[in-house]
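Colleague: Thanks for making time for this one. Could we go through the pocket first, and then the helices and the sheet?

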Amino acid sequence: MNIDGKAWRTIWLETDQRSVGVIDQTQLPHRLITRTLESCDEAANAISTMVVRGAPLIGVTGAYGLMLALQDDPSNAALSQAFDQLNSSRPTAVNLRWALERVRELVKPLPEAERAAAARREAAVIADQDVAMCEAIGEHGFHLFRNLAEQRPSERENEPFRVLTHCNAGWLATVDWGTALAPIYKAHRAGLNIHVWVDETRPRNQGASLTAYELAREGVPHSVIVDNAGGHLMQHGLVDAVIVGTDRTTRCGDVCNKVGTYLKALAAYDNNVPFYVALPSSTIDWRIADGVAEIPIEARSEEEVTAIQGRILHGKSAGEIVRVQLTPDGCAGFNPAFDVTPARLVTALITDCGVTMASEVGLKDLYKRG
Ligand code: MRU
């Protein structure tokens, strides 16, 4: 996608063909800074500190992380250690394990001298495939949105088609396009009158900082709302559809996404608002069925809850990015980063292969699995 007229991806191989460039997402929306990752440690650290984040991007960073490890030491012991280090850097998004297993299985049978180059090629293929899958999600979701917009009663046809989204499942969460935001970009570029309600997404505010940043750069009309406003907007007919991403989807269609997604699904259900989840196939964990019981939920630092980051507006320090304390001294916090929305609350899954029911039958049919 474009930033000030220049096309960007979130991750790339640097010109030395050995190190990896990324956008530092902890500094957005106020500063566009890139970082260079030169070792497996740096890749693992970028994932755990959320310099890079979003399930598909975490997966691609993991794949490049194995390349970085193999450049330093191509032995089986180093491969296994790097796999474990990267795989544990964030536990919830299954794309990480998926990408790491894909690279590991490819390089394991190869002579040590060939491993790093093979990992480099495979990471690039994973990145390109992610872009293609996200663009396909965009096309499928756009057609669905256009149909929904056309089905509205005639007195509403001049109003924007209003979509609510939670967290950031845009191009910053992937390599390009995004998952939940891809249909929005496609719809906007095709001329559909669309408006996006952006949940701020406490505690880390990926909606207020990243989704709002992306939408502004594409010129998509949007308003940031507090996380608690969605139900109210739905009760007043101000939301035509909800669309979110997912970090792990079980084979039965339960979806695990940024904490707070479940509450939006409940409100959507109560108000008859369709609730869509957009995902590439790399987000499906075919090994598990029950999301609530089986998906590991990352618990992050309590400081993400008790403090907040922002830019100073006025005075001598205006422009500085700082963290400020919200709660009383010594106050405890608890910070589960994700929650699970059961399949029964999901109207449909929008995938790279098309739209399907959030169910084992729907997913198996779509991906032709026995
Ligand atoms: O903690 P984050 O910012 O990595 O969480 C990201 C999300 O929850 C996204 O919705 C999810 O990864 C799907 S991204 C296409």
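Colleague: How much space lies in the largest pocket?

Modeller: Happy to start there, and please keep in mind that this is a predicted model. Rolling a probe the size of a water molecule over the atoms shows where empty space is left. For the largest pocket, that space comes to about 570 Å³.

Colleague: Which residues lie nearest the centre of the largest pocket?

Modeller: The lining has 23 residues. By class they divide into 8 nonpolar, 9 polar and 6 charged. Helix α7 (206-218) and strand β14 (307-311) each supply at least two of the lining residues. Nearest the centre are L28, R204, N205, S209 and Q309.

Colleague: Now the helices. At roughly what angle do α4 and α5 cross?

Modeller: Two packed helices are described by the angle between their axes and the distance between the axes. For α4 (residues 94-107) and α5, the axes come within 9 Å. The crossing is right-handed, and its angle is roughly 145°.

Colleague: How many nonpolar, polar and charged residues does the contact of α4 with α5 have?

Modeller: On the α4 side we find W98, A99, R102, V103, L106 and V107. They meet R115, A118, A119, E122, V125, I126 and Q129 of α5. Sorted by class, this contact has 9 nonpolar, 1 polar and 3 charged residues.

Colleague: And which residues of α6 make the contact with α5?

Modeller: The axes of α5 (residues 112-150) and α6 (residues 182-189) come within 7 Å and cross at roughly 65°, and this crossing is right-handed. From α5, the contact takes in C134, E135, I137, G138, E139, G141, F142 and F145. By class, the contact has 8 nonpolar, 2 polar and 3 charged residues. On the α6 side, the residues are A182, P183, I184, K186 and A187.

Colleague: Let's turn to the open sheet of 4 strands: which strands stand at the edges?

Modeller: The strand order is β13-β10-β11-β16, with mixed pairing. An edge strand here has a single partner, so one side of it is left without a neighbour in the sheet. That describes β13 (284-285) and β16 (338-341).

Colleague: Last one: at about what angle does helix α9 run to β16?

Modeller: Helix α9 (residues 261-270) lies across two strands, β11 (255-258) and β16. Relative to β16, α9 runs at about 30°.

Terms used
Residues are numbered from 1 along each chain as its sequence is written. This is a predicted model: local features need pLDDT of at least 70, side-chain atom pairs count only at pLDDT 80 or more; totals for chains, interfaces and linings use all residues. Side-chain values use heavy atoms; hydrogens and water are left out. Axes are lines fitted to C-alpha atoms, for helices over the stretch in contact, and angles run from 0 to 180 degrees between N-to-C directions. A crossing is left-handed if the near helix is turned anticlockwise from the far one by less than a right angle, and right-handed if clockwise. Contact means heavy atoms within 4.5 Å. Ala, Val, Leu, Ile, Met, Phe, Trp, Tyr, Cys and Pro count as nonpolar, Asp, Glu, Lys and Arg as charged, and the others, Gly among them, as polar. Two strands pair if DSSP finds at least two bridges between them. On a 1 Å grid over the protein atoms alone, a cavity is a set of points where a 1.4 Å probe fits but cannot get out, and a pocket is an open set with protein on both sides within 12 Å along at least five of seven lines; lining residues have an atom within 4 Å of a point. Grid points are joined across faces, edges and corners, and a volume is the space filled by probe spheres set on the points.
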